[in-house]
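Morning, everyone. Please look at the screen.

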Amino acid sequence: MQMANREKILQLLSQYAEVPSIKMDDMLFGSGLNLSSISFTEFVVDFEDLFDIDVNMERLGADVKSVGQFVEVLEDHLS
């Protein structure tokens with residue numbers, strides 16, 4: 001189940017990052033996926049809708065830099 005969720009998260013994220021594929025060690029911002037704050041917010045809203053949960057935005061602080069870290073936080077919300 002967790003791998004299926006991870007795939008859904010990565011697919012959704014690639015749509016907002018407008019890239020064909022994403023690696024877990026890609027950086028979310030800056031020289032990585034270069035997500036805008038608007039795209040990031042839209043992603044979170046769609047993620048919440050897709051999984052019918054509320055994301056604690058405080059857990060998505062500045063220490064979350066890579067896609068892998070981001071996915072781990074999101075998977076924690078699903079447990």
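I'll go from the overall fold to the helix contact.

First, the ground rules. This is a predicted model: local features need pLDDT of at least 70, side-chain atom pairs count only at pLDDT 80 or more, and totals for chains, interfaces and linings use all residues. Numbering starts from 1 along each chain as its sequence is written, and side-chain values use heavy atoms, with hydrogens and water left out.

The fold. The protein has three helices and zero strands. Here helices (H or I, at least four residues) and strands (E, at least two) are DSSP runs, numbered from the N terminus. The order along the sequence is α-α-α.

Overall dimensions. The C-alpha trace spans about 30 × 25 × 20 Å along its principal axes. Of the 79 residues, 42% count as buried, meaning under 20% relative accessible area with a 1.4 Å probe, protein chains only.

Now the pair. How do α2 and α3 cross? The axes of α2 (residues 37–51) and α3 (residues 67–78) come within 12 Å and cross at roughly 30°. Axes are lines fitted to C-alpha atoms over the stretch in contact, and angles run from 0 to 180 degrees between N-to-C directions. The two helices are therefore roughly parallel to each other, a label for angles under 35 degrees.

Which residues make the contact? From α2, Phe40, Phe43, Phe47 and Phe51; from α3, Phe70, Leu74 and Leu78. Contact means heavy atoms within 4.5 Å. By class, that gives seven nonpolar, no polar and no charged residues. Phe and Leu both count as nonpolar.

How values were computed
Angles under 35 degrees count as roughly parallel, over 145 as roughly antiparallel, 65 to 115 as roughly perpendicular and the rest as oblique. Buried means under 20% relative accessible area, exposed over 50%, partly exposed in between (1.4 Å probe, protein chains only).
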